[in-house]
Amino acid sequence: MQKNLDTPEKAILVYPVVGKALFGDWQADFDELKELVRSADLDLVDEEVVFLKEVNSKTLIGKGKLEELRGRADALGVDLAVLGVNASPSKERNLEEALGVPVVDRTQLILGIFAKRARSKEGKVQVELAQLRDLLPRLSGKGGQLSRLGGGIGTRGPGEKKLEVDRRRIGTRIHVLKQDLKQVERHRRLQRGSGRREAFPMLALIGYTNAGKSSLFNMLTHAHVVAEDKLFATLDPTVRRVRLPSAQEALLVDTVGIIRDMPENLLQAFRATFEDFEQADAYIHVVDVSQPNYRAKIEEVNDVLRKLELLGKPVLYALNKSDLIQPEKLRLEEDLKKQAVVISTKTSDGIPKLIESVEGLLEALTKLPAPKGGAVGS
Ligand SMILES: Nc1nc2c(ncn2[C@@H]2O[C@H](COP(=O)(O)OP(=O)(O)OP(=O)(O)O)[C@@H](O)[C@H]2O)c(=O)[nH]1
Ligand SMILES: [Mg+2]
């Protein structure tokens with residue numbers, strides 16, 4: 001089935017909540033899903049949270065509900081159904097048949113957003129690689145139809161020539177992309193150069209997507225990096241040199257955001273991007289503290305760091321968007337209190353204090369033994 005996300009398309013969001021989760025907090029997840037759909041530039045015309053006692057082994061969702069959804073999708077002229085969870089290739093196929101429209105799962109949705117946002121050659125290659133790896137297991141039974149490659153979450157409008165690519169050709173493409181990636185990575189390393197790297201400590205702004213990393217980066221560097229109320233506004237890392245009031249200098253790097261259940265294929269493909277995490281001497285972990293589940297989001301980010309074996313560097317928490325809450329009501333756990341500054345990049349509240357803390361952090365870093373020599377330039 002054709003999946004086209006190049007132009008704003010009408011989408012229905014179907015979010016199955018299964019078993020135990022029935023009683024859990026699905027609302028925050030559902031809100032995030034809607035943000036993802038919006039960030040993918042889809043036109044969300046209908047949505048349904050489907051509570052399931054158990055999963056239907058063929059279609060995930062029961063027949064009656066699917067028929068109802070199909071009727072709604074038909075009536076609204078929906079182009080695409082977004083499934084709020086990940087589905088096996090066969091379930092996805094069965095759902096497409098039952099609903100009569102193409103279905104993208106959560107991973108494909110995220111990959112699609114990345115595809116739309118990637119600007120650099122490296123980013124584009126990384127995303128295509130991740131999309132192909134995601135597609136490969138879904139090919140069997142699709143008659144080898146390759147319908148969801150390219151710029152978007154589905155891509156290929158009607159009339160455009162349908163790509164008929166078999167596994168072998170995908171394999172070849174993956175091979176080519178990997179070579180390309182190696183080359184751009186090599187180039188990037190040369191560009192970044194080790195000289196510059198050694199001269200200044202490097203601080204990486206990390207955090208959950210939409211936390212305000214780019215906004216803080218802009219504030220601290222007076223750069224104009226895209227800061228948008230969209231998930232994954234930043235894909236290509238940006239580095240700037242900053243000079244602090246104390247005359248200390250550092251490299252500040254803005255990084256790609258993290259999301260819950262980051263698709264494994266993406267983590268793999270973006271390893272080079274996450275190299276910025278690796279290169280960093282310390283992190284400024286930006287948190288949207290106006291979100292009730294901010295603590296869980298901190299843990300999600302730390303989980304990714306753990307997966308990449310990059311946990312354990314000095315970290316300063318920048319608890320952002322304090323203008324949206326009553327900061328005095330904020331109850332920070334002890335572990336966070338010691339290393340956190342409450343800020344707002346909107347009102348500049350707390351920024352002087354943050355800068356002071358960054359200076360303290362840099363001071364402490366210079367006293368630490370040099371970080372292990374690394375990938376850069378070696
Ligand atoms: N109210 C309020 N909004 C903020 C604040 N800081 C950032 N924002 C908004 O939050 C949204 C996301 O900000 P970004 O700086 O793009 O966030 P990011 O962490 O770089 O996001 P990704 O690159 O998508 O991971 C934008 O609409 C900002 O204007 C703040 O202190 N208060
Ligand atoms: Mg950003």
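The legends below describe several views of one predicted protein model.

**View 1. The whole chain and its confidence.** Residues are numbered from 1 along each chain as its sequence is written, and chains are lettered from A and ligands numbered from 1 in the order in which they are written. Because this is a predicted model, local features need pLDDT of at least 70 and side-chain atom pairs count only at pLDDT 80 or more, while totals for chains, interfaces and linings use all residues, and side-chain values use heavy atoms, with hydrogens and water left out. The protein chain has 13 helices and 12 strands, where helices (H or I, at least four residues) and strands (E, at least two) are DSSP runs numbered from the N terminus. Its average pLDDT, the predictor's confidence in each residue from 0 to 100, is 82, and 80% of the residues score at least 70. Of the 378 residues, 51% are buried, a word that stands for under 20% relative accessible area, with exposed meaning over 50% and partly exposed in between (1.4 Å probe, protein chains only). Among contacts (heavy atoms within 4.5 Å) between residues at least 6 apart in sequence, 71% join residues at least 24 apart.

View 2. The strands follow the order 2-1-3-4 with parallel pairing, and two strands count as paired if DSSP finds at least two bridges between them. Strand 2 (43-52) and strand 4 (103-104) are the edge strands, each pairing on one side only. Strand 1 (residues 10-18) runs parallel to strand 2 and is joined to it by nine bridges, and L13 has E47 in strand 2 as its bridge partner. Helix 2 (residues 63-76) packs on this sheet, touching strand 1 and strand 2, and its direction makes about 175 degrees with that of strand 2; such angles run from 0 to 180 degrees between N-to-C directions, with axes fitted as lines to C-alpha atoms, for helices over the stretch in contact.

**View 3. The largest nonpolar core.** A nonpolar core is a set of buried Ala, Val, Leu, Ile, Met, Phe, Trp, Tyr and Cys residues joined through side-chain atoms within 4.5 Å. The largest one has 60 residues, of which V82, F274 and Y283 touch the most other members. Helix 4 (residues 106-117) gives the most to this core, with six residues, and the core draws at least three residues from each of domain 1 (10-115) and domain 2 (193-367), bounds that come from an automatic or database domain assignment. Leaving aside residues up to four places away in sequence, V82 touches A11, I12, L13, V14, V37, L42, V104 and L109. Another core, of 23 residues, lies apart from it and includes A211, V242, V286 and L354.

**View 4. E185 in helix 6.** E185 lies in helix 6 (residues 167-192) and counts as buried because its relative accessibility is 18%. The C-alpha atoms of E185 and E122 are separated by 7.5 Å, although the two residues are 63 apart along the chain.

**View 5. Two loop residues with positive phi.** E309, in the loop between helix 11 (294-307) and strand 11 (315-320), has a positive phi of about 55 degrees although it is not a glycine, and at 71% relative accessibility E309 counts as exposed. K321, in the loop between strand 11 and helix 12 (334-337), is likewise not a glycine and has a positive phi of about 65 degrees.
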